[in-house]
Amino acid sequence: MKIQQIEFGKTADQQVVSKYVLTNSHGNEVGLMDWGASLLQVVVPDRSGESVNVNCAFDSLSPYLGRHPYFGSTIGRFCNRIEHAKFTIDDVEYPLDKNHGDHQLHGGADNFSHRLWQSESFQQGDEIGVRFRLTSPDGDQGFPGTLTVVCEYRWNDRNELSFHYEAQTDKPTHVNLTNHSYWNLSGMHAGKATDHIVQIEADQWLDVDADLIPTGKLNDVSGTPLDFRQPTAIGKRLAQLPDTNGYDHCYVVRGKAGTLRPAGRVIDPASGRTMDVETTQVGMQLYSANHLPGDDSSAKVGGHEAFCMETQHYPNAPNRPMFPTTLLVPGSTLRETTLHRFGVLSD
């Protein structure tokens, strides 16, 4: 197993951004960088042994410094949507940065994907990895409290890539962290991902309004285009979701939140590659890359040419008391883990 650190570029104020390449004993690679604590590449073999990157990324730092589709980014303080960009804690209302119409998306315009994290590589037992650290000051994008965050990526010889999050605060605040990778198991520029076969371990999904803000109601997947309890091609029912041009929905992952358990499985019939997702998080957002433009701003990746499985707490949880809480208080530590296991179908 091997860890390599190289310079990936410099920020506008000339801070050096590092790229780390983690290589397991089979020669399979994971690339990471400390700008946005981002995942850059996952290079794994297909059924014939040919290896390609299955994670969408830019080739250079420059596109990440501006607005981009959150390729591989660590999202915070709060991933997904918060209604009207505000919430109340102890009778105090906190207005947040509005960056999605009247709402907040992914923590505001200057969110964690646009920060330079402190980083260090490590080897622990049979895993190699990189540990990223960030301090978010009190009032950052409107959120109360100074928040310290640790994001660890780990890679091993079983082709398991895991994300580990920890966070602490000095004032009560809301936190919801995720990784926003876009996957195509045939390779980043292999075309549509609509033939990928998806299974999701969920019987319910979060009801949303016209702005995709959860209403607080949980809907049964039965008889809907959102039923992936049995393996189904991701493109089979896209046309039944014209309002969103595809999937952009949060699922209630079966089992006990806080325990690592199956959340989803994806099979690419063309390459034979598979990806299994396990998580401690309560939910998972399926996004079928509905709005990628296919130009330089998305590294030439177009709509439905990738998909996201963003494990997370429920969107808009601060304003929906019936949802599992995202409130973090002093003296407590947020801990969440998500694991991606890459494999190949047997003949």
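This short talk walks through a predicted model, from its annotated site to its salt bridges and its nonpolar cores.

Hello everyone, and a word on the ground rules. Residues are numbered from 1 along each chain as its sequence is written, and side-chain values use heavy atoms, with hydrogens and water left out. Because the model is predicted, local features need pLDDT of at least 70 and side-chain atom pairs count only at pLDDT 80 or more, while totals for chains, interfaces and linings use all residues.

Let's start with the annotated site. Which residues does the UniProt annotation "active site" cover? The record, an unreviewed entry, gives His180 and Glu310; such annotations may be inferred rather than shown by experiment, and the positions are in the numbering used here, with feature names shortened. They span 131 residues in sequence, yet no two of their C-alpha atoms are more than 6.0 Å apart, so they gather at one spot. Both His180 and Glu310 are in the lining of the largest pocket. A pocket here is an open set of points on a 1 Å grid over the protein atoms alone, where a 1.4 Å probe fits, with protein on both sides within 12 Å along at least five of seven lines; lining residues have an atom within 4 Å of a point.

Take His180 by itself. You will find His180 in the loop between strand 16 (178-179) and strand 17 (197-200); strands are DSSP runs of E, at least two residues, numbered from the N terminus. His180 is buried, with a relative accessible area of 3%. For that word, buried means under 20% relative accessible area, exposed over 50%, and partly exposed in between, using a 1.4 Å probe and protein chains only. Setting aside residues up to four places away in sequence, His180 touches several residues, including Pro69, Tyr70, His106 and Glu310, where contact means heavy atoms within 4.5 Å.

A polar contact of 3.4 Å joins the side chains of Glu310 and His180. That term is a pair of N or O atoms within 3.5 Å; within protein, one must be able to donate a hydrogen and the other to accept it, and residues adjacent in sequence count only if both atoms are side-chain atoms.

Now to charges. How many salt bridges does the structure hold? There are 22, each a side-chain nitrogen of Lys or Arg within 4 Å of a carboxyl oxygen of Asp or Glu. One of them joins Arg81 and Asp248, at 3.4 Å from N to O. Arg81 lies in strand 7 (residues 81-82) and Asp248 in strand 21 (residues 248-253), so this pair ties together parts 167 residues apart in sequence. Arg81 is buried at 8% relative accessibility, and Asp248 is buried at 11%. Lys300 and Asp296 also form a salt bridge, at 2.9 Å, but both of these residues are exposed.

Last, the nonpolar cores. Each is a set of buried Ala, Val, Leu, Ile, Met, Phe, Trp, Tyr and Cys residues joined through side-chain atoms within 4.5 Å. The largest has 53 residues, and Tyr251 and Met309 have the most contacts inside it. Strand 13 (residues 147-156) gives the most to this core, with five residues. Apart from it lies another core of 20 residues, among them Met33, Trp35, Tyr182 and Ala299.

Definitions and conventions:
Helices (H or I, at least four residues) and strands (E, at least two) are DSSP runs, numbered from the N terminus.
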